[in-house]
Amino acid sequence: MPLSGFRILDLTRIISGPFCTSLLADMGADVIKIEAPGEGDPVRQQGVIREGISWYFANYNRNKKSVTLDLYSDEGKAVLRQLIAQCDVVVENYRPGVMEKMGLGDEQLKALRPDIIHCSINGFGTTGPYRDRPAFDFIAQAMSGFMSLNGGEHEPPMRAGPPISDLVAGMNGALGIVAALLRRERTGQGDSVSVSLLGSMIGLLSFQASNYFANGKLPARTGNDHGIASPYGLFETADGQVAIAPSNDVIYHKLLDALELPALRADPRYQTNADRMQHRAAIAADIQARTRQHTSAHWIERLNQFGVPCGQVLNLQEVFEDPQVQDQRMAIDVPHGEHGAVRMLGFPIKFSQAPTQAVAAAPALGADTERVLRQFGFAEQDIHGLQERGVI
């Protein structure tokens, strides 16, 4: 698999960090998840608990090993240092400064392994006036400007449903780690990678930020309408709605052909995209008067025949029953021993030569502690001593 042979020490919990390391694990990295004895990652107790296991936790922690280690004790920190010395990457999502307080800042990590790669996933960055503030997804969505762009024009700002800042930060962290590993292969040098929830969200602002930089005007919330293209959005049909996205003039004219609306081609209000943006409500009404005459299925078939991007708004049941989604195996069932099979999200990245796969279920708390410590050279009597003293 793409990352086979790389060993990742995972000090993360909740979502952003575990999602980052789950991507690495899915691509073959050996991910060792460090958890507090008797407690573990809080997500083990969140979401729907079925047959004694959180399916939320299972989704983000498959293909990993769980080692329990008391990092509040000096002995636990000493064990952690021995593990770090034999790992390629350390990933953590503590607040900035916590690793330094543990005696594991960048310089101490390099002393343990000169070519170590350290990835910090945090709220606001490792420098700056907000570095020590706590942050969660909702806060990052609000403070990044992302929330100000969501919702209708006369409605309050709206958050995205999924914890998008955690997920994007996790993806950016995984990308940064892979890039640092590639650089290390060429130079022999390690690196320190920092990814913040705030920065990850700002990085998604796309054309809204570009337009603001260009003209200094704050973009309005446009709901399901597009900020720089018209017509665009949800249109009522005889039995529901269909999403239509003609993002340029070529596709717009294909839309008119598919809808058999030649009059709109000659309408002086709709000659350019700028004209159509100015008369957004009028052109949407003209198109909707036509789409209401047939069913959603009719329009989806016809619009696709003409090369116009379109689709229905599906709920989660409809998504996972969709034949395309099933073909792409975006839901998989992973056996979890006595807990039964756990259905979870599939792999969005497809490799032809080394496909990602769920080779192991999410581990029980501390399930791999003894085995991993043996792998790292700990003697049996040392392991038993650590158990007796509650370090593991």
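I worked on a predicted model, in which local features need pLDDT of at least 70, side-chain atom pairs count only at pLDDT 80 or more, and totals for chains, interfaces and linings use all residues. Residues are numbered from 1 along each chain as its sequence is written, and side-chain values use heavy atoms, with hydrogens and water left out.

**Entry 1: α1 and α7.** I looked up helix α1 (residues 16-26) against helix α7 (residues 164-187). Helices here are DSSP runs (H or I, at least four residues) and strands likewise (E, at least two), numbered from the N terminus. The two pack at an angle of about 45 degrees, and their axes are 7 Å apart. Axes are lines fitted to C-alpha atoms, for helices over the stretch in contact; angles run from 0 to 180 degrees between N-to-C directions. That angle makes α1 oblique to α7. Oblique is what remains after roughly parallel (under 35 degrees), roughly antiparallel (over 145) and roughly perpendicular (65 to 115). I then listed the contacts (heavy atoms within 4.5 Å). From α1 come S16, F19, C20, L23 and L24; they meet D166, L167, G170, M171, G173, A174, I177 and V178 in α7. By class, the residues of this contact are nine nonpolar, three polar and one charged. Nonpolar covers Ala, Val, Leu, Ile, Met, Phe, Trp, Tyr, Cys and Pro; charged covers Asp, Glu, Lys and Arg; the others, Gly among them, are polar.

**Entry 2: α10 and α13.** Next I took helix α10 (residues 249-259) and helix α13 (residues 280-291), which pack at an angle of about 35 degrees with axes 11 Å apart. Y252, L255 and L259 of α10 make the contact with I283, I287, R290 and T291 of α13. I read five nonpolar residues, one polar and one charged.

**Entry 3: the faces of α18.** In helix α18 (residues 380-388) I found I383, G385 and L386 buried. Buried means under 20% relative accessible area, exposed over 50%, partly exposed in between (1.4 Å probe, protein chains only). Q381 and E388 are exposed, on the face turned away from the buried side. The cover over the buried residues includes α3 (74-84) and α17 (369-375). G390 follows α18 with a positive phi, near 75 degrees.

**Entry 4: T356.** I located T356 in the loop between β13 (341-345) and α17. T356 counts as buried, because its relative accessibility is 13%. Leaving aside neighbours within four places in sequence, I found T356 in contact with M1, D26, M27, F347, I349 and F351.
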